[in-house]
Amino acid sequence: MNEEETRTYSHRSPRRKRHWGRWIAIIVGLVLLSVVGYEYYKIHQTVEGIFGESSAKVSKKLKDGKPVNVLLTGIDSGAIGRNKSTYGVGNTDTLEVATINPKKETITFTSIPRDTLVKLKTSDGDDYVKINAAYSIGGIKKTKAAVAELLDIKIDYYANVDMGALEKVVNAVGGVTVDNPFEFTYEGHTFPKGKQTLNGANALKYSRMRYDDPNNDYGRQKRQQQVMKAVIKKFKSASSVTAINKLLDVAKDGIKTDVPINSITTLYANYHSAMNNVVTNQFQGEDATIDGTSFQIASTKEINRVSKLIKKAQGKKATTVTNYETKMYDAQTNFDGYNNVYFVLPNGSSYNSPGSGYSSSNGTTTSNYGSGYTSSYSY
């Protein structure tokens with residue numbers, strides 16, 4: 001080999017190494033992109049069964065990252081052996097208003113007692129029922145309207161959750177840690193007092209026990225909120241495309257929402273910071289009996305307290321709430337929620353009897369409380 005050949009060989013060797021090194025980097029990059037692309041493809045395929053119509057436009061509110069209220073409804077069917085074909089649509093087992101404020105970096109959960117008295121407008125006339133019955137009467141639309149009217153707030157979206165899906169979600173994030181206030185046994189499992197890590201099956205049981213809790217439904221609400229906070233914490237610590245995919249995959253058969261599918265990337269970009277701080281609150285009712293049935297009655301003071309709390313979480317100014325429920329409460333002469341729990345409905349109306357009250361021809365509803373109250377809420 002002559003000197004020129006030697007120089008030529010020496011000159012080309014490093015170039016060949018750089019050439020192959022470049023292609024190795026490109027191949028690795030393509031593999032990574034294909035994996036990520038496949039994960040995003042799976043996300044898109046999965047969310048079509050969870051989110052609203054793919055053609056739905058992303059609202060300006062979501063694009064701008066404004067605070068939103070999402071109504072979370074928990075349904076009994078599918079939980080702990082319950083069967084949809086046997087139990088049907090049913091009532092809502094859980095009602096939570098999630099106020100998501102990315103500017104404040106907070107998610108505020110406000111639980112609403114399912115036995116809260118509300119007045120609903122139906123095709124057969126006005127009906128006085130527990131708020132959890134709104135779902136069986138008119139589905140999620142009626143439930144959203146009932147919560148909005150009760151608290152004088154706007155419900156932007158909903159997420160309807162089959163409680164049976166909770167088990168899969170908890171397992172997907174690797175279990176959750178809760179701090180149990182007292183020992184109890186439910187569905188064959190004993191939950192000791194104090195901190196403990198629960199798998200999906202036990203987290204579902206922990207969330208559903210009601211009658212052995214000294215605070216009854218309010219105690220159960222706090223345990224449900226514990227589990228929600230724990231799931232968010234675990235998800236936040238492991239948030240990735242793969243983690244998101246895993247959660248969506250297990251949730252696709254148990255969660256439905258009207259958030260537009262096209263807003264997924266917008267939601268993540270504008271709202272994921274809200275997971276930094278999760279706040280929980282409870283709407284507190286007063287014990288009442290109507291036609292031999294137990295209710296929780298929302299006092300005027302409590303309605304205004306919770307309405308103000310949610311509006312503050314949104315960054316809005318509170319206003320005094322005057323609605324069906326405040327008028328019913330203020331019209332009572334003997335009810336006090338303690339010594340006298342008998343609550344009187346207006347116009348001689350009966351519980352769960354469509355047609356109670358008076359519906360005017362223009363579609364608004366008037367109750368006879370002396371001064372009266374007409375609502376323009378659309379049910």
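Where does Asp 115 lie? Asp 115 is in the loop between strand 3 and strand 4 (117-122). The close-up views below are taken from a predicted model.

View 1. The relative accessible area of Asp 115 is 15%, so the residue counts as buried, the cut-off being under 20%. Its side chain and that of Arg 210 are joined by a polar contact of 3.1 Å. Leaving aside neighbours within four places in sequence, Asp 115 is in contact with Arg 210 and also with Lys 130, Phe 295 and Gln 296.

**View 2. Helix 10, residues 300-314.** This helix of 15 residues reaches 21 Å from its first C-alpha to its last, close to the 21 Å expected at 1.5 Å a residue. Among its buried residues are Ile 303, Val 306, Ile 310 and Ala 313, and Glu 302 and Lys 311 are also buried. The buried residues of helix 10 pack against strand 1 (68-75), strand 2 (92-101), strand 3 (106-111) and strand 12 (278-282), as well as helix 4 (134-151) and helix 11 (324-330).

**View 3. Val 70 and the largest nonpolar core.** The core has 38 residues, and Val 70 and Val 176 have the most contacts inside it. Not counting residues up to four places away in sequence, Val 70 touches Glu 96, Val 97, Ala 98, Ile 100, Tyr 157, Tyr 158 and Ala 159. A second, separate core of 27 residues includes Val 129, Ile 140, Ala 148 and Phe 283.

Technical notes. Residues are numbered from 1 along each chain as its sequence is written. This is a predicted model: local features need pLDDT of at least 70, side-chain atom pairs count only at pLDDT 80 or more; totals for chains, interfaces and linings use all residues. Side-chain values use heavy atoms; hydrogens and water are left out. Helices (H or I, at least four residues) and strands (E, at least two) are DSSP runs, numbered from the N terminus. The expected span of a helix is 1.5 Å times one less than its number of residues. Buried means under 20% relative accessible area, exposed over 50%, partly exposed in between (1.4 Å probe, protein chains only). Contact means heavy atoms within 4.5 Å. A polar contact is a pair of N or O atoms within 3.5 Å; within protein, one must be able to donate a hydrogen and the other to accept it, and residues adjacent in sequence count only if both atoms are side-chain atoms. A nonpolar core is a set of buried Ala, Val, Leu, Ile, Met, Phe, Trp, Tyr and Cys residues joined through side-chain atoms within 4.5 Å.
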